[in-house]
Each structure stands twice: as C-alpha cells, then as structure tokens.
Amino acid sequence: MRAPYSALGVTKLIDRFTAVAAATTAFNTVKKFVHAGQEFENCMGQMGKWYTSVSDFRKGQQLQKNPPIFKKLLASGSVEEEALNLLIHEKKIMEMEKELQTMLNMRFGFGTWDELKEMQRKIRADRQKQVYASAEARQAIINGIAIVALCSAGVVLLLGIFYFIAKAKGMI
C-alpha cells in the first residue's frame with residue numbers, strides 16, 4: 001500500500017482528483033464486500049486504501065492553498081470551477097465516511113466509529129511525536145558533529161600556532 005502524505009515524508013505528489021477516484025474505488029469495493037456477505041474484517045485492506053486516498057486528497061487541498069507561482073499563472077479553468085469541484089469531492093468523501101460509520105457501528109455496535117476516530121488521533125499524535133523525536137535526534141547528531149569539528153579545528157589551530165612560535169624561536 002502506498003504511504004499517505006505525512007510528516008514522515010512526501011515522496012510523490014498525487015493529484016487531488018486522482019485521490020478522490022481512488023477513494024471512491026476503495027469505498028465501492030468495501031460496499032460490495034459487505035453487501036456480498038463478506039465479514040467486515042475482510043474489507044480492512046480496502047478501508048486502508050480509502051483512508052490513504054482521503055488523506056492524500058486532504059493533503060493535496062492543504063498544498064493547494066499555497067500553490068507555486070507557475071501553477072497560479074498557468075492554471076486551467078476558472079477559480080469557480082475548481083472550487084465547485086473541490087466542494088463536490090469533499091461532500092462525496094463526507095457521504096462515504098458517513099456510510100462507513102454506519103456500517104462499522106452496525107457490525108460492531110454503536111460507538112465503534114468514535115473509538116476508531118479516537119485511536120486515529122492517538123496514533124497520529126504518537127507518530128508526530130516519533131517524527132519530532134527523530135528530527136531532534138538528527139539535529140543533536142548534527143550539533144555534536146559540528147561541535148567536534150569546531151573543537152578539532154581549534155586544537156589544530158592552536159597546535160599550528162605553537163608550532164610556528166616554536167619554529168620562530170628556533171626550538172624546532
């Protein structure tokens with residue numbers, strides 16, 4: 001499964017509309033599985049793809065708020081058209097999310113969706129902490145290397161000064 005956009009690193013940008021198409025495909029597959037009598041647990045892979053696609057769409061929306069200058073100048077279509085498309089896609093995603101909520105609550109009992117959302121918040125917070133801890137560790141390593149390099153340069157400089165002084169006095 002392709003990794004979603006996150007603080008863990010964005011390697012390949014995906015078009016928001018492609019993300020919505022992928023989310024729709026995954027959602028329709030989940031619906032088909034459930035209506036065909038499949039256990040909801042068998043649909044988890046498709047639900048994961050749906051969440052990834054929705055995450056990609058929403059990240060694409062965030063990135064679109066500050067597009068590159070060439071995108072602003074060469075954008076095809078009107079602002080109104082783009083806004084309408086984004087609104088329709090967001091509403092479509094909200095409908096899918098509501099239907100998934102209903103399916104989960106019907107299968108596992110009322111409140112399951114809320115438990116899922118709370119777990120997502122905790123996992124997201126833990127991952128952010130890991131990313132921050134990793135970034136801090138990386139910065140500490142860089143700082144340590146810089147300190148060692150500066151100290152080494154200082155020692156070499158002092159030894160050089162002592163060498164030239166000793167040579168000038170004829171001690172060497």
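## Glu-90 and its surroundings

Apart from its neighbours within four places in sequence, Glu-90 is in contact with Phe-57, Arg-58 and Gln-61, where contact means heavy atoms within 4.5 Å. Glu-90 belongs to helix H4, which covers residues 79-108; helices (H or I, at least four residues) and strands (E, at least two) are DSSP runs, numbered from the N terminus. With a relative accessibility of 17%, Glu-90 counts as buried, a class defined as under 20% relative accessible area, with exposed set at over 50% and partly exposed in between (1.4 Å probe, protein chains only).

The model is a predicted one, in which local features need pLDDT of at least 70 and side-chain atom pairs count only at pLDDT 80 or more, whereas totals for chains, interfaces and linings use all residues. Residues are numbered from 1 along each chain as its sequence is written, and side-chain values use heavy atoms, with hydrogens and water left out.

## Overall make-up

The protein has five helices and zero strands, and from the N terminus on its elements run α-α-α-α-α. Of its 172 residues, 22% count as buried. Among the contacts between residues at least 6 apart in sequence, 70% join residues that are at least 24 apart.

Helix H1 (residues 16-35) has 20 residues and reaches 28 Å from its first C-alpha to its last, close to the 28 Å expected at 1.5 Å a residue; the expected span of a helix is 1.5 Å times one less than its number of residues. The buried residues of H1 are Arg-16, Ala-19, Val-20, Ala-23, Thr-24, Ala-26, Phe-27 and Val-30.

For H4, with 30 residues, a span of 44 Å should result at 1.5 Å a residue, and the 43 Å between its end C-alpha atoms agrees with this. Besides Glu-90, the buried residues of H4 include Leu-86, His-89, Ile-93, Met-96, Glu-97, Leu-100, Met-103, Leu-104 and Asn-105. An α-helix has 3.6 residues a turn, so residues three or four places apart point the same way. After H4 comes Gly-109, whose phi is positive, near 105°. H5 has 57 residues and reaches 83 Å from its first C-alpha to its last, close to the expected 84 Å. Buried in H5 are Thr-112, Trp-113, Gln-120, Val-131 and Ala-166, and just after this helix Gly-170 takes a positive phi of about 80°.

## The contact of H4 with H5

The axes of H4 and helix H5 (residues 112-168) come within 8 Å and cross at roughly 115°; axes are lines fitted to C-alpha atoms, for helices over the stretch in contact, and angles run from 0 to 180 degrees between N-to-C directions. H4 and H5 are therefore roughly perpendicular to each other, given that angles under 35 degrees count as roughly parallel, over 145 as roughly antiparallel, 65 to 115 as roughly perpendicular and the rest as oblique.

On the H4 side the contact is made by Glu-97, Leu-100, Gln-101, Leu-104, Asn-105 and Phe-108, and on the H5 side by Thr-112, Trp-113, Leu-116 and Lys-117. These residues divide into five nonpolar, three polar and two charged (Ala, Val, Leu, Ile, Met, Phe, Trp, Tyr, Cys and Pro count as nonpolar, Asp, Glu, Lys and Arg as charged, and the others, Gly among them, as polar).

## Aromatic pairs

The structure holds two aromatic pairs; rings of Phe, Tyr and Trp (its six-membered ring) pair if their centres lie within 6.5 Å, and planes under 30 degrees apart count as stacked, over 60 as edge-to-face and the rest as tilted. Trp-50 and Tyr-51 form an edge-to-face pair, at 5.0 Å centre to centre and with 75° between the planes. The ring centres of Tyr-163 and Phe-164 are 5.4 Å apart and their planes stand at 70°, so this pair is edge-to-face.

Trp-50, at 1% relative accessibility, counts as buried, whereas Tyr-51 is partly exposed, with a relative accessible area of 22%. Tyr-163 is partly exposed at 38%, and Phe-164 is exposed, with a relative accessible area of 58%.
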